[in-house]
Amino acid sequence: MHTRSRSIPKLGIGGPVGSGKTRLIEMLVPILSKKGYRCCIISNDVISKEDAERMKRILATESKIMPEDMIIGIATGGCPHTAIREDPSINLAVVNEIEQKDPTLDLIIIESGGDNIMTTFSPALADYFIYIVDVSGGDKYPRKGGLGIESCDLLVINKIDLALYVGADLSIMEHDAKLIRSNKPFEFVNCKTGLGVNRIAEHIINDLLFNKKPLQKMSHK
């Protein structure tokens with residue numbers, strides 16, 4: 001009799017090119033790993049697998065935090081939004097393979113970029129959605145709205161160290177984020193130094209993993 005594979009919690013991370021999605025993952029995974037959570041990463045790009053190769057080097061080869069085959073690059077060959085929203089079949093197929101291969105994983109992270117603020121993930125693909133923007137786009141970013149900013153489970157505002165240099169007022173961004181997101185959570189971070197990334201990990205553990213212990217730790221009790 002065929003046994004259906006376990007459904008692993010899936011975290012979608014989206015945002016404009018250069019906003020810090022890959023760097024956020026590179027900072028998050030070690031934090032989650034220290035707590036015992038085992039992750040797989042799927043990185044979407046249009047024509048290359050550059051981000052996936054970078055994460056393989058940093059998270060697998062150099063730090064040996066996770067196996068190289070748990071970081072998977074997908075070249076969508078078209079609009080990145082389609083592959084995570086309108087027709088996420090290419091990502092769903094990879095997710096299914098992962099769930100069959102290692103049902104003991106605690107989390108699958110799905111990364112996808114895009115150059116507009118309408119990026120969202122299909123509910124069939126992601127259980128929890130983080131949208132990341134960066135301060136260099138100006139303090140107008142939160143109030144511009146868009147599906148990504150308004151509907152994500154957690155808004156992350158990155159590169160706060162650049163505010164002084166680009167004339168961005170973080171208090172304005174905070175006010176507008178509270179207003180446009182109806183008090184849904186958001187966090188200011190600096191992914192380069194790791195400032196604030198622990199709070200992102202706490203949101204993931206509390207709101208997506210529901211504070212469950214890592215599966216391998218549970219199985220060893």
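Domain bounds here come from an automatic or database domain assignment. The model is predicted: local features need pLDDT of at least 70, side-chain atom pairs count only at pLDDT 80 or more, and totals for chains, interfaces and linings use all residues. Residues are numbered from 1 along each chain as its sequence is written, and side-chain values use heavy atoms, with hydrogens and water left out.

**Exercise 1. Find the domains and say how far apart their centres are.**

Step 1. Read off the bounds. Domain 1 is 19-116 and domain 2 is 128-210.
Step 2. Take the centres over C-alpha atoms. They lie 21 Å apart.
Step 3. Look for contact (heavy atoms within 4.5 Å). Here 14 residues of domain 1 touch 19 residues of domain 2.

**Exercise 2. Work out the strand order of the open sheet.**

Step 1. Know the terms. Strands (E, at least two residues) and helices (H or I, at least four) are DSSP runs, numbered from the N terminus. Two strands pair if DSSP finds at least two bridges between them.
Step 2. Trace the 7 strands. The order is β3-β2-β4-β1-β5-β6-β7, and the pairing is parallel.
Step 3. Find the edges. β3 (71-75) and β7 (186-188) each pair on one side only.
Step 4. Check one pair. β2 (residues 39-45) and β4 (residues 107-113) share 6 bridges in the parallel sense. I41 has I109 of β4 as its bridge partner.

**Exercise 3. Describe how α1 packs on α2.**

Step 1. Get the geometry. α1 (residues 21-34) meets α2 at about 30 degrees, with the axes 11 Å apart.
Step 2. Name the arrangement. Angles under 35 degrees count as roughly parallel. α1 and α2 are therefore roughly parallel to each other.
Step 3. List the residues. α1 gives T22, R23, I25, E26, V29 and P30, while α2 gives D51, R54, M55, I58 and L59.

**Exercise 4. Describe how α1 meets α9.**

Step 1. Get the geometry. The axes of α1 and α9 (residues 197-208) come within 9 Å and cross at roughly 65 degrees.
Step 2. List the residues. L24, M27, L28, I31 and L32 of α1 meet V197, N198, I200, A201, I204 and I205 of α9.

Methods
Axes are lines fitted to C-alpha atoms, for helices over the stretch in contact, and angles run from 0 to 180 degrees between N-to-C directions. Angles under 35 degrees count as roughly parallel, over 145 as roughly antiparallel, 65 to 115 as roughly perpendicular and the rest as oblique.
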